[in-house]
Amino acid sequence: MSSRPPTPIRLADVARAVGGAVVGDGEATVAGIASLDRAAPGDLSFLASPKYAALFAGTRATGVLVTPELADAPGACANRVVVARPHEAMLALLPRFYRMPAKPFEGVHPSAVVEPGAVIAPDACVEALAVIGAGAAIGAGAWIGPHCVVGEGVTVGSGTRLVSHVTLYPGAAVGDRCLLHAGVRIGSDGFGFVFQDGQHRKIPHVGRCVVGDDVEIGANSTVDRGSIDATEIGAGTKLDNLVHIGHNVRVGRLCLMAAGTMIAGSARIEDGVTLAGQVGVSGHLTIGAKAVVTAQAGVINDVPAGQVYGGFPARPQKQVMRGYAAVARLPELLRRIEQLLKREPDA
Amino acid sequence: MSSRPPTPIRLADVARAVGGAVVGDGEATVAGIASLDRAAPGDLSFLASPKYAALFAGTRATGVLVTPELADAPGACANRVVVARPHEAMLALLPRFYRMPAKPFEGVHPSAVVEPGAVIAPDACVEALAVIGAGAAIGAGAWIGPHCVVGEGVTVGSGTRLVSHVTLYPGAAVGDRCLLHAGVRIGSDGFGFVFQDGQHRKIPHVGRCVVGDDVEIGANSTVDRGSIDATEIGAGTKLDNLVHIGHNVRVGRLCLMAAGTMIAGSARIEDGVTLAGQVGVSGHLTIGAKAVVTAQAGVINDVPAGQVYGGFPARPQKQVMRGYAAVARLPELLRRIEQLLKREPDA
Amino acid sequence: MSSRPPTPIRLADVARAVGGAVVGDGEATVAGIASLDRAAPGDLSFLASPKYAALFAGTRATGVLVTPELADAPGACANRVVVARPHEAMLALLPRFYRMPAKPFEGVHPSAVVEPGAVIAPDACVEALAVIGAGAAIGAGAWIGPHCVVGEGVTVGSGTRLVSHVTLYPGAAVGDRCLLHAGVRIGSDGFGFVFQDGQHRKIPHVGRCVVGDDVEIGANSTVDRGSIDATEIGAGTKLDNLVHIGHNVRVGRLCLMAAGTMIAGSARIEDGVTLAGQVGVSGHLTIGAKAVVTAQAGVINDVPAGQVYGGFPARPQKQVMRGYAAVARLPELLRRIEQLLKREPDA
């Protein structure tokens, strides 16, 4: 993420930072983090599960974070930092090894286009060639990346980042501390037409598109505006890449939707729902709180709260798995059944 | 869509505009439109079906458009405008309450880049930081949004709008009165390679990509150019977000394709076809006129005109539904059949 | 692709170029290439299979490339160039008829924004309104299209083209002779969160995103960066439009992935794998070398090298096809089986 080389850190300091204990040489220094099989001398790695013991045995890392149970696992690397949760410890260490993305400056790049009446917080950053529409409001510490277009009257909350090439249509509102990746579109017209006089006449879309606080939206995902009411994405919800949210959809708080998932118009996704990759949800239905829908499922009826659904049409995952098993056994059984039926002419 | 507050309208004037009759206070004024459950005082709402009677009973709207049958439905809102089709009436009223999107100016923004030989109609609008290639032609009243790139020699018809961040490759032609949403790509190379000498050699793509009149294409959708001939999107066809149209595909007139639908190369989609969300269509086949394919279906053979197909491989929807029902009953039946077969050792 | 009219070519010269023999008038000239049914006088077409004999009979082309077996096929066009592989001959001729895309100039367009410390090869082209970040390196002959954003410290190899609106996040590296279509995003954060203290906390993504030589990536496709290690796309691999590659995925050399295919995090796709359209691959699994996965399949377990898999959950394609056939016969059989079971109360 950074082109600057990080400063090396002593393993004794690593142990202090994560509340662990050094086994081996605490004076050895590490300057990067890598997985066991890719680590080179000078890297710190981690071992959290015995299933990676073979990779651990051969790692070239200078130091390895290990659980107490695995502190004595056989391996070439003698320098170990023993800590209860190596994976979490590693995540906590990342900002010491890598420079996290940060605003390159405060203010407006001279190549950006800011229309009259836009209000930009003094400590916000508007990067090269961004366009800020008339009457838009950019909050404190917000970071508008290169080539983003913030439409007329749009509000962007404090601490929110639009990475690059993001489009916020007029009528969009994005909360605080959001992260919208490259190519996200918020507030495009919903897909609504009435067939009249031999053509598909467009239903005007005058609703808004409201994204709550702490939302992350992946690259090239799209959220349509409402036809009359607003489309809403609740606080703390995270969408992956290439996700589509239709018009008038109300997504609750703390939902997760993996790549390629698409929600048709006016569906309601309650709080804490998880939708795996490439899921499809039909319009005007409800997925209850904390329900989980598995990958590639097609939801065409309501899903009760807390249930795990899958398949097409989506139904309880246990039924789905039984159905798959039955289908796999089916050709052989059919052969035998047909023989049986031949002998039962009246059946 | 607009940051300007609309002018309040008397219910008597609403009734006159839609050919309806006021029940209650015709002097009451409304300044916005909202659904029954979200309406606030000052809003107009609508009730078109008895299934929303509960929402109607509790609405806070100042006035409600209702059908003659529902004119006396019990509810807090006493001011009603009785009209045969409340939903259509509401759509017709939208432009009175909301400012529809319109070109912000005529001419070329000083930050736009226009290459030599491009011809731009005097009443067209080219917004900030757009790029118009050499020899391109922008029609009367067209509206090229910020950050759009119109390639060399491309034609854009009169009254067409490219919202923002749209790419039209050289060789693309877009008709009149089209609407291309943010991030649409027209004329990218098709996915065609020949394996020779140990590598995938690219098949040159010199065909064009022709979009007819009155076409709408949703955000981040892609339409590839033809390899030799043109890829074509027929007049009046509407594509939703994240749709993909492969090289050499010929899409007819007045088709609808919902989000995530993808058409492989050289397929032919005849007039009036509807493809629901996340449908896949294999290459070199034909979907007949006015056929309908249901959500997530996978089409690997021709679909006859006028039929409703679904499932994978796509087949008549009635068969699909019977198949799903049979699969759902299968595990229990298999258990019993296996018991039966155990007693029929010769079967 | 070009707005310049090509120079007409004599059929005798066509024959010489492809090693064929003229039947008919070698002095006749052609100036374009078109399919049999769309060709006009002045076009060259081709006939490679007897199934297109009807189109051949009626073509208006001035000349047609034909196989020796079809040299005497009945048809209006008497001028034929007999050659062993008409389709390959036609591909070889394309550059004579059409101008292939090429850099419009060498150097940096005055509207582009180049940050300090970026190094751009003298014969590279940086088009209008592109942004080149600090410390980025653009290789010899590379072509950075309009509105592309090349992040801080990113390397772009020699001869590589970014078409337009491409985003390369910091930490990305793209090899030589690559082609990245409009709207491609390389290096966006992976979809990784840990639920702590009532919210989805983001896992920092500090890994890189490395694209090998000779890779083509289709319009609006996305490749996420690794969490710690790199996401990798191997040399010679080709991705279609709207493809998604998750964090830490390692894609081998010479793979093909058709539109809408999505690979979840940490999966490993070995060399020479083909994934058809809309395939989904779950995280942390392996698809063996030269395996093929058919359209819309959902891979949730490893796929052995060299196998053809399909369906959901993906399994050998032969099993899948037998399963589909069995399901299609199922409703009728179930009816008969239930009658049978009624007579077998103990079963």
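Student: Start with chain C. Which residues of α1(C) and α3(C) meet?
Tutor: On the α1(C) side they are Val14(C), Ala17(C) and Val18(C), and on the α3(C) side Ala89(C), Ala92(C), Leu93(C) and Arg96(C). By class, that contact has 6 nonpolar, no polar and 1 charged residues. Keep in mind that this is a predicted model.

Student: Where are those two helices, and what is the angle?
Tutor: Helix α1 of chain C covers residues 11-18 and helix α3 of chain C covers residues 86-97. They pack at an angle of about 120°, and their axes are 10 Å apart.

Student: What do you call that arrangement?
Tutor: Angles from 65 to 115 degrees count as roughly perpendicular and those over 145 as roughly antiparallel. α1(C) and α3(C) are therefore oblique to each other.

Student: Is the crossing of α1(C) and α3(C) left-handed or right-handed?
Tutor: Right-handed.

Student: And what about α1 and α3 in chain B?
Tutor: In chain B, helix α1 (residues 11-18) and helix α3 (residues 86-97) pack at about 120°, with axes 10 Å apart. That makes α1(B) oblique to α3(B). Their crossing is right-handed. Val14(B), Ala17(B) and Val18(B) of α1(B) make the contact with Ala89(B), Ala92(B), Leu93(B) and Arg96(B) of α3(B). The classes there are 6 nonpolar, no polar and 1 charged.

Student: Now between chains. How do α4(B) and α4(C) pack?
Tutor: Helix α4 of chain B, residues 317-342, packs against α4(C) at an angle of about 45°, with the axes 8 Å apart. α4(B) and α4(C) are therefore oblique to each other as well. The crossing of α4(B) and α4(C) is left-handed.

Student: Which residues are involved in α4(B) and α4(C)?
Tutor: α4(B) brings Gln319(B), Arg322(B), Gly323(B), Ala326(B), Val327(B), Arg329(B), Leu333(B), Arg336(B) and Ile337(B). They meet Val327(C), Ala328(C), Leu330(C), Pro331(C), Leu334(C), Ile337(C) and Leu341(C) of α4(C). By class, this contact of α4(B) with α4(C) has 11 nonpolar, 2 polar and 3 charged residues.

Student: How many residues of chain C are in contact with chain A?
Tutor: 49 residues of chain C are in contact with 50 residues of chain A. On the chain C side, β21 (185-188), β23 (199-202) and α4 (317-342) each supply at least two residues. α4(C) gives the most, with 11 residues. That side of chain C has 21 nonpolar, 20 polar and 8 charged residues.

Student: And chain A with chain B?
Tutor: There, 49 residues of chain A are in contact with 50 residues of chain B. For the side of chain A that touches chain B, β21 (185-188), β23 (199-202) and α4 (317-342) of chain A each supply at least two residues. The largest share, 11 residues, comes from α4(A). By class, the residues of that side divide into 21 nonpolar, 20 polar and 8 charged.

Student: What rotation superposes chain A on chain B?
Tutor: A rotation of 120°, with 0.0 Å of shift along its axis and an RMSD of 0.1 Å. That is the relation of a three-fold axis. Chain C is superposed on chain A by a rotation of 120° with 0.0 Å of shift, also at RMSD 0.1 Å.

Student: Do the copies meet through different surfaces or matching ones?
Tutor: Different ones, because only 16% of the interface residues of chain A are also interface residues in chain B.

Student: Back to a single chain. How is chain A divided?
Tutor: Into domain 1 (9-97) and domain 2 (107-317). The centres of these two domains of chain A, taken over C-alpha atoms, are separated by 40 Å.

Conventions
Residues numbered from 1 in each chain as written. Chains lettered and ligands numbered in written order. Predicted model: local features only at pLDDT ≥ 70, side-chain atom pairs only at ≥ 80, totals over all residues. Axes fitted to C-alpha atoms, helices over the stretch in contact; angles between N-to-C directions. Helix = DSSP H or I, 4+ residues; strand = E, 2+ residues; numbered from the N terminus. Parallel < 35°, antiparallel > 145°, perpendicular 65-115°, else oblique. Left-handed = near helix turned anticlockwise from the far one by under 90°. Contact = placed C-beta atoms within 7 Å. Nonpolar A, V, L, I, M, F, W, Y, C, P; charged D, E, K, R; others polar. Domains from an automatic or database assignment. Least-squares fit on C-alpha atoms with pLDDT ≥ 70 in both.
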